[in-house]
Amino acid sequence: MPLYDPHNRLIDYLRISVTDRCNLSCFYCKPRTGMKMLSHSEILSYEEILRLVALAVPLGISRVRVTGGEPLVRRGIVDFITSLHTIAGLQDISITTNGVLLEEMAEGLIRAGKLRLNISLDSLDRHKFHKITGSDEYDRVWRGINRAEELGFSPLKINMVPIRGMNDAEVADFARLTLDRRFHVRFIEYMPIGADHRWQRDECVPSDEIRAIIEREVGPLKPFLSGNSAGPSDNFQLRDARGVIGFISPITRHFCESCRRLRLTSDGKIRPCLLSDTEIDVKSPMRSGCDDAELERLFRLALEIKPDRHYINEAGHGCFQRTMSRIGG
Ligand code: SAM
């Protein structure tokens, strides 16, 4: 049964943060002073998540993305993905990872069942990578990407967030990656959410600007249309390229009118919109023994309060002091 919100949007996609922990400390994501981590009992167990997904699928959810924090650091993640595959009606399972643990885990993940893989990588320069993430795992991430490609994960999506003055000089190099390899390189506009109120509007490099740089420095881009146009990415291709270049523009071309997602936070809240703070608690009712009918009611309530759009472009809007890891980036 298709599921619609009050703004007549089809909702079929759930992003699940399975942990707030991460093995990188990206400066725009983690607060400088450190983060108060959730305790083990505060985060949803895999059984609780599976119960929710099994309930959401007959309501209309057909795609889930597993994210975090860093999903691969949570013990038992491969078995969890295997269990997701047993939920009848779930058509698409994907995971977003920073790639640090991919080299050793890619094989298990591919055995768990069909899985789409997105890897976040903000720099192709080892030193810059260190500056952004606070870690020197650059080579390890690349070994993970190569291993995943070798094992047949396809398409491999590489997500980059260009931040002015930090890594925006690298967008042409990222685009060039698509010439020889089948990667989908996607540029995601830097959003006002994260650590230390540090986001500044002019640090967000608009997609149109990135596109102009690529066309000037690498070559013309032609629209790339694929069968699966459900995502928010505007896709293009360089001449003779093997891969695809995508632009995701939550700031300059917000796609709220076609947003199909809900989020499940690692501490058990359904969050209808990343860029609004309203959430519905499902963990407490589950732990007090509520039945599936009550969970379904809460799930539908989250849908009812999904805002028509985000308001971050309104005058005076600052940065959400929230950690993406709990919410699920
Ligand atoms: N650890 C996993 C990873 O690195 O892919 C999953 C979680 S991470 C929070 C998911 C994505 O959110 C990363 O690609 C990260 O760059 C992105 N992200 C975090 N803060 C962001 C922001 N303020 N604007 C845009 N993207 C952001």
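The protein has ten helices and twelve strands. This is a predicted model. The radius of gyration is 19 Å, close to the 20 Å that the globule rule gives for 329 residues, so the protein is as compact as a globular protein of that length.

**Overall build**

- The C-alpha trace spans about 60 × 50 × 45 Å along its principal axes.
- Of the 329 residues in the protein, 55% are buried.
- Take the contacts in the protein with a separation of 6 or more: residues 24 or more positions apart account for 74% of them.

**Helix H1 with helix H2**

- Helix H1 covers residues 46-59, and helix H2 covers residues 77-84.
- The two pack at an angle of about 20 degrees. Their axes are 11 Å apart.
- H1 and H2 are therefore roughly parallel to each other, since angles under 35 degrees count as roughly parallel.
- The crossing of H1 and H2 is right-handed.
- H1 brings Tyr46, Ile49, Leu50 and Val53 to the contact. They meet Ile77, Phe80, Ser83 and Leu84 in H2.
- By class, this contact of H1 with H2 has seven nonpolar residues, one polar residue and no charged ones.

**Helix H2 with helix H3**

- H2 also packs with H3, at an angle of about 15 degrees and with the axes 8 Å apart.
- That angle makes H2 roughly parallel to H3.
- The crossing of H2 and H3 is right-handed.
- On the H2 side, the contact is made by Ile77, Val78, Ile81 and Thr82. On the H3 side, Met105, Gly108, Leu109 and Ala112 take part.
- The residues of the contact of H2 with H3 divide into six nonpolar, two polar and no charged.

**Helix H3 with helix H5**

- Helix H3 runs over residues 102-112. Helix H5 runs over 138-151.
- The axes of H3 and H5 come within 8 Å and cross at roughly 25 degrees.
- H3 and H5 are therefore roughly parallel to each other.
- The crossing of H3 and H5 is right-handed.
- H3 supplies Leu102, Glu103, Glu104, Ala106, Glu107 and Ile110. H5 supplies Arg140, Arg143, Gly144, Ile145, Arg147, Ala148 and Leu151.
- By class, the residues of the contact of H3 with H5 are six nonpolar, one polar and six charged.
- The charged residues include Glu103 and Glu104 on H3, and Arg140 and Arg143 on H5.

**A buried strand residue: Val185**

- Val185 lies in strand E6, which covers residues 184-188.
- Val185 counts as buried, because its relative accessibility is 0% and the cut-off for buried is under 20%.
- Leaving out residues up to four places away in sequence, Val185 touches Ile158, Phe174, Leu177, Thr178, Val244, Ile245 and Gly246.
- Of these, Ile158 falls within strand E5 (156-160).
- Val244, Ile245 and Gly246 fall within strand E9 (244-248).
- Arg9 is 176 residues from Val185 along the chain. The C-alpha atoms of Val185 and Arg9 are separated by 27 Å.

**Backbone exceptions**

- Most residues other than glycine have a negative phi, and most peptide bonds are trans.
- The peptide bond from Ser154 to Pro155 is cis, with omega near -5 degrees.
- Pro155 sits in the loop between helix H5 (138-151) and strand E5 (156-160).
- Asn8 is not a glycine, yet it has a positive phi of about 65 degrees. Asn8 belongs to the segment before strand E1 (13-17).
- Asn8 is exposed, with a relative accessible area of 61%.
- Asp240 is not a glycine either, and its phi is positive, at about 60 degrees.
- Asp240 is found in the loop between strand E8 (234-238) and strand E9 (244-248).
- Asp240 is exposed as well, with a relative accessible area of 71%.

Definitions and conventions. Residues are numbered from 1 along each chain as its sequence is written. This is a predicted model: local features need pLDDT of at least 70, side-chain atom pairs count only at pLDDT 80 or more; totals for chains, interfaces and linings use all residues. Side-chain values use heavy atoms; hydrogens and water are left out. Axes are lines fitted to C-alpha atoms, for helices over the stretch in contact, and angles run from 0 to 180 degrees between N-to-C directions. Helices (H or I, at least four residues) and strands (E, at least two) are DSSP runs, numbered from the N terminus. Angles under 35 degrees count as roughly parallel, over 145 as roughly antiparallel, 65 to 115 as roughly perpendicular and the rest as oblique. A crossing is left-handed if the near helix is turned anticlockwise from the far one by less than a right angle, and right-handed if clockwise. Contact means heavy atoms within 4.5 Å. Buried means under 20% relative accessible area, exposed over 50%, partly exposed in between (1.4 Å probe, protein chains only). The radius of gyration is taken over C-alpha atoms; the globule rule is 2.2 Å times the number of residues to the power 0.38.
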